[in-house]
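Okay everyone, thanks for coming. Have the picture up on your screens, and let's walk through it together.

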Amino acid sequence: MESYEPDRLTPVETAALRRSHRDGRAALTRRSLLRASAGGALAIGGLGTLSACGIPAANKTQGGVSADDHSATEKVVNFSNWPEYIDVDDKGKRHPTLDAFGKRTGIRVKYTEDINDNDEFFGKIQPELAAGQDTGRDLIVLTDWLAARMIRLGYVQKLDPANLPHAFANLSDQFRAPDWDPGRAYSYPWQGISTVIAFNKKALDGVEVKSVSDLLDNPKLKGRVGFLTEMRDSIGMTLLDLGKDPAKVTADDYDAAIARLQKGVDKGQIRRFTGNDYTSDLAKGDLAACVAWGGDIVQLQADNPDIGYVIPDSGYMTSTDNLLIPNKARHKTNAERLIDYYYEPEPAAELAAYINYVSPVAGVAPYLAKIDKSAASNPLILPDKAMQARSHAFRALTQKEETAYQQKFSKLTGA
Amino acid sequence: MSTLTEAPPPLAPAEPAAEPPRRRGRFTPYWLLLPGILWLVVFFALPLVYQASTSVQTGSLEQGYKVTWHFATYWDALSEYWPQFVRSLCYAAGATVLCLLLGYPLAYLIAFRAGRWRNLIMILVIAPFFTSFLIRTLAWKTILADNGVVVHTLGSLHILDLTNWLGWTAGDRVLATPLAVVCGLTYNFLPFMILPLYTSLERIDGRLHEAAGDLYAKPWTTFRKVTFPLSMPGVVSGTLLTFIPAAGDYVNSELLGSTDTRMIGNVIQTQFLRILDYPTAAALSFILMAAILAMVTIYIRRSGTEDLV
């Protein structure tokens, strides 16, 4: 290494320069790292400031906290939804129903697909809501149990019925009175979800699957059965199979269902607990049969004729994804008008034809038939009265129950 | 090469500068440090303090959480989830050894034998980073599918019988078994092993090999006595860069694993997001950090190498 030592340096600087030439590369050495990590550990251990921190209690204001409603002056509404949960035009860029809403009302919808997972999304917005801040969203879509938790924690605003005439008139009976929001004071369903059993005919190879018991007991399906990480769906289907009612679940019932599934895990019958990613496993045949969501099955069937589904004799689980207005939302009235708009049969039919989940709007059938005959006759999209009679919902849980149940379910799924 | 902050350009004519502005730069190093330090304080130190505080709090979401110095959370978390801890460390160790076995020959090849292919191979090593971590891991689900070529080949060669016997796989599948998770970890962290290995191998003076040959060392002896000891810094930093993230990873176990392959990262995620037991999640994170810190300290002491890069 050629050393370049300008002669105008002070002796100290020259020494530093020489030193850097000698061991500049050794900036990170074993000893220095050890020293640093020991120092870091000391610093952490010595912190006396820890007690200054804390997480504030949820605000308990009934009816939620409103901000000044800027709906009249700012003609926008910020709508957060799940990916692929709305109609898209052929170019895949615009959402026709939203555009039509904008044209009619002059309200521009800022549509964001930023909800991928209930738990994750709650983790994202919870600190803001707990601190009483605006989340920047006027309308969000959350599954029943999380909607229930949001209402319980006082994180969402009561809706104004005067702005929701269509919603009130057209809401399907099936979804009218959940025990966590009787009379739909805070929420309206975006879409309903049927949880049934799906299978891949090719992978089943003649084995018959009709119930959760078949999934758990048939040795020919060992290691090729899937359940959902959504606790209420997996446990709910198992409860029904055990002859218990998920709407009145007790701690003993719950433990019985956990024990039943645990046996399936222990003997290697259950391959995995999955989120939405079961769809690719099922299409490939790695899963022969699994607990699955109706809307997914409709879409899978379009690509793969081997996919089928069965509704067990003991019944099936129904849940909803619900539209909610979080505290401090700036455009509450606009959000309510958007909710109401989707309860008019025409936009509801357009939406149902595109996303294949259960439409919560009564009277949508004739409009849907005009767009897509097969969709209108598909019970996974429009369940008939007989099917609706077999649908069950999980009862709302208290905070304490929720923690305890989730704890047990996590243990079942391995963590 | 080291450069001085205000060294005059080497080719400048040697005329005496009227007024050497030396003193002005005295605080320059500190100004240069400032952005990095600020970054670390805001995004590392503060969150760490916050986590430490959370781990000794009690309460619930509705009541809020208060610091009660409830250290029992640590013991409860450890006694409840030690199997996942042990499993994570085992999987990470397995993946690190596999990475070393796969990465060393490749790094050796790139450093000494690749010639004009060197850059191309380096790009191939780094290329997987051009796509998302998640997409790459999902691709493994297709590669290892039950009806795929890989599983059929392994099955017909009776390798699956061996791995079944070892408890690494179950039945005639690879997905949703420990083997799949360790393979996924190995694949995802392999470049972190190869790059430091390559850097330290490439630095070895080729004349040392010639000298070893001149002294009648066989190639294997040369490797054992010259090349490998000189590449130790790369081995140490490579294993650290592989082991540490692998031990905390949860994506591979989530996508490629099953209920009995859940790692500590999965537990922390579940505790934090699903059960909303923030204290336990924070305590688990700290235990993991402490465990890794302790193991790394012992490892660096034992490895007997001075330089780490």
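Helices here are DSSP runs of H or I with at least four residues, strands are runs of E with at least two, and both are numbered from the N terminus. Quick housekeeping: this is a predicted model, where local features need pLDDT of at least 70, side-chain atom pairs count only at pLDDT 80 or more, and totals for chains, interfaces and linings use all residues. Residues are numbered from 1 along each chain as its sequence is written, while chains are lettered from A and ligands numbered from 1 in the order in which they are written.

Back to helix 4 of chain A.

Which residues of helix 4 are buried? They are Asn118(A), Phe122(A), Ile125(A) and Leu129(A). Buried means 20 or more other C-beta atoms within 10 Å of a residue's own; 12 or fewer is exposed, in between is partly exposed, and C-beta atoms are placed from the backbone. Those buried residues pack against strand 3 (139-143) and helix 5 (144-152) of chain A.

Zooming out, chain A has 18 helices and ten strands, and 43% of its 415 residues count as buried.

Of its 160 residues, Ala198(A) and Ala289(A) touch the most other members. The largest share, 15 residues, comes from helix 7 (residues 178-202) of chain B.

Over in chain B, Tyr104(B) is found in helix 2, residues 72-113. Tyr104(B) counts as buried because it has 20 C-beta neighbours inside 10 Å. Its C-alpha atom is 8.5 Å from that of Val235(B), 131 residues apart along the chain.

Last, confidence: the predictor gives the complex an ipTM of 0.79 and a pTM of 0.82.

Definitions and conventions
Two residues are in contact if their C-beta atoms, placed from the backbone, lie within 7 Å. A nonpolar core is a set of buried Ala, Val, Leu, Ile, Met, Phe, Trp, Tyr and Cys residues joined through C-beta atoms within 7 Å.
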